[in-house]
Amino acid sequence: MSDPNLQNFIDLSAVLTGLAADLLAPTLDPIKLPPLFFATAQQGMGTAAFSNLLTLYASIKNQPPAQIASAVLGNSDPQIAQGARSIMKLWLLGSWYQPYDQGTAHKGDTRVVSDQAYKESWAWKIAQSHPMGYSQYHFGYWNEQPPTLKQFTGVDAKEGQQP
Amino acid sequence: MKITLKRLACLGASFTSALAMADAAGPPVLSPAIPFDVTANPPFTLDNLQHDFDVLSWQTFVALNWPAKADGSADTSVKIGTPGQTVWESWKESYAIFLPQGQKPLAWDQATPPPAACQGKGNLPVLQQMGKVAGVLDEFIQPFKTGPLVDQNGTYTRNAIMVNQPMFDDIVNKGLYSKEGQQAFLGKADNRIAFSCGVKDKQVGAIMVKSAWKVLGGNDNPQEFHAVDALVYTPGNTDPNTGAVIPESCSAQKVGLVGLHIVHKTKDAPQWVWSTFEHVRNVPEKTTPMNERKGPYLFYDAQASDRPINEPPARPWDPSKKATPSQIVREIPLTVATHQLNAQWQGALKGTVWANYQLISTQWPTAPADDCQLPSPTNPLGTPAPSFLANATLETYNQGTTPQASSSCMECHNNATTRVTQSPRTSFADFTFLLERAQSTGAKE
């Protein structure tokens with residue numbers, strides 16, 4: 001990743017979602033969602049607020065993830081805090097939820113970023129499932145136990161949860 | 001599992017030395033040896049690996065189009081371009097594998113009798129399919145679902161599917177040529193359909209070749225094509241609901257190759273490597289300005305640019321009659337890198353008919369499973385690159401970039417099933433629709 005801003009965006013996204021950066025942005029990535037999501041967030045938040053968010057992240061990126069999340073999501077600048085939440089939703093749902101009025105966009109506006117963004121969004125994998133209207137699993141998969149959460153996300157299920 | 005840099009580094013080193021073939025970065029070497037797998041060269045970026053897989057495609061194209069000896073092996077005493085049957089043309093066609101009543105196919109080296117209408121018309125290959133109908137069991141007898149492709153002479157294009165001996169042996173030895181044979185094989189709890197991914201330095205993995213041919217006539221110059229004499233067979237149809245009512249027919253024709261899919265299963269591509277080639281004069285690209293669409297093209301009329309593009313012919317489709325020529329453009333242009341690679345290989349093939357063919361692209365898995373015989377539970381597709389790929393002669397009417405609608409070799413063939421759809425294990429057909437053609441022996445279960 002040659003663009004440090006894009007790398008910071010991916011690393012920040014990893015902290016916010018709990019998913020590894022190399023899952024969000026694989027080394028070999030024919031789908032190329034990270035630059036699309038970067039541009040989407042930059043446009044949605046506005047260049048200045050987006051830059052402030054990345055600058056903040058760059059200054060604290062060596063801290064533990066929980067502290068970074070707290071500093072971002074609890075930030076006194078509402079554009080940083082709300083913009084970060086929209087970035088989380090962007091990765092999880094493939095849609096941009098406009099966090100505040102910005103340009104011609106109004107708070108609450110929602111749009112699916114692209115067909116691939118919808119198809120590859122992470123909520124489906126976290127649910128150990130697949131997007132509505134799209135599945136790559138083989139005929140009859142619905143009658144079998146799904147792969148584990150760890151197989152999908154690299155994250156262990158918590159005690160008492162479906163493995 | 002992702003392709004790891006370490007793993008690729010190992011692969012690159014081993015295959016480069018083992019095959020003694022052209023280095024991916026070096027000039028093309030025309031060799032009759034079918035490569036076992038990709039030769040990956042660092043740094044392992046997406047673009048570099050695409051190049052390496054494209055080189056694999058060209059190497060395989062050259063090896064498979066090498067002139068064959070009587071036993072079907074490459075005749076290393078002659079050069080590519082020498083007239084005669086090529087290696088892949090000696091392989092088994094699907095109609096010779098999936099027989100009526102689920103009969104056992106004849107041995108690899110035994111020729112299958114042609115349809116009755118073709119008998120007595122010469123010992124020639126038989127072409128009978130007219131349209132690609134992925135997933136439809138009766139493609140064999142009702143090949144009219146997605147639409148035929150019509151050349152500028154008004155004649156339907158024909159297709160054929162061949163498999164190599166490792167794949168044929170897998171089908172025969174496991175009894176997969178009949179519905180009951182598939183049930184018996186998959187009735188054993190640990191069995192699953194998994195064609196050979198090859199044994200490095202010893203045997204290539206399973207390979208399928210799908211070819212598209214046009215009948216040569218009108219202004220066609222046979223010297224510009226890989227041209228063969230073939231029996232063009234049209235099954236009869238008595239049901240007006242499934243197409244034009246026509247009698248069975250068969251005639252000997254000179255046909256020219258216009259499209260070629262090569263699908264190769266390797267250790268590093270459990271989702272197979274999907275290489276697709278076309279004749280250079282097939283179609284213009286969608287982005288080619290009108291005033292630069294000189295042609296003449298085989299499936300596009302530059303003088304009729306007001307006609308709708310990429311539309312199937314009006315029904316009923318009747319291959320026995322002349323039809324309005326198709327007006328086809330390529331939706332996804334070739335990349336600059338592919339153009340450059342094509343120029344190198346076409347240069348090496350200069351003076352042969354094979355210089356008139358071009359690679360469209362190669363689809364390969366960026367995240368293959370660890371075990372080439374066992375799909376990844378969470379990503380059985382392996383994240384193909386490029387995401388979409390179509391051959392203008394074989395996926396004519398579903399080119400584009402819309403998931404689930406546009407042509408992606410792996411996406412489509414991942415849906416292929418056996419005739420035993422009881423569970424994911426028994427239904428998965430390892431990326432081939434061929435097994436859906438297995439017919440029932442009629443034996444009671």
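Here are legends for a few close-up views of this predicted model.

Residues are counted from 1 along each chain as its sequence is written, while chains are lettered from A and ligands numbered from 1 in the order in which they are written. Since the model is predicted, local features need pLDDT of at least 70 and side-chain atom pairs count only at pLDDT 80 or more, but totals for chains, interfaces and linings use all residues.

**View 1. Helices α3(A) and α4(A) cross in chain A.** Here we zoom in on α3 (residues 33–45) and α4 (residues 47–60) of chain A, whose axes come within 6 Å and cross at roughly 120°. (Helices are DSSP runs of H or I with at least four residues, strands are E runs of at least two, and both are numbered from the N terminus; axes are lines fitted to C-alpha atoms, for helices over the stretch in contact, with angles from 0 to 180 degrees between N-to-C directions.) That angle makes α3(A) oblique to α4(A), oblique being what is left once angles under 35 degrees (roughly parallel), over 145 (roughly antiparallel) and 65 to 115 (roughly perpendicular) are taken out. On the α3(A) side, look for A41(A), Q42(A) and M45(A); they meet T47(A), A49(A) and F50(A) of α4(A). Sorted by class, this contact has 4 nonpolar, 2 polar and no charged residues. (Ala, Val, Leu, Ile, Met, Phe, Trp, Tyr, Cys and Pro are nonpolar, Asp, Glu, Lys and Arg charged, and the others, Gly among them, polar.)

**View 2. Chain A touches chain B.** In this one, 20 residues of chain A are in contact with 25 of chain B, contact meaning C-beta atoms, placed from the backbone, within 7 Å. α7 (115–120) and α9 (149–153) of chain A each give two or more residues to the chain A side, and α7(A) gives the most, with 3. That side divides into 10 nonpolar, 6 polar and 4 charged residues.

**View 3. G18(A) sits in a loop.** The loop runs between α1 (4–17) and α2 (21–24) of chain A. G18(A) counts as partly exposed because it has 14 C-beta neighbours inside 10 Å; 20 or more would be buried and 12 or fewer exposed, with C-beta atoms placed from the backbone. P65(A) is 47 residues from G18(A) in sequence, yet their C-alpha atoms are 8.6 Å apart.

**View 4. F299(B) belongs to the largest nonpolar core.** A core joins buried Ala, Val, Leu, Ile, Met, Phe, Trp, Tyr and Cys residues through C-beta atoms within 7 Å. This one has 99 residues, and F299(B) is among those touching the most other members. Helix α2 (residues 46–64) of chain B supplies the largest share, 9 residues.

Methods: Two residues are in contact if their C-beta atoms, placed from the backbone, lie within 7 Å.
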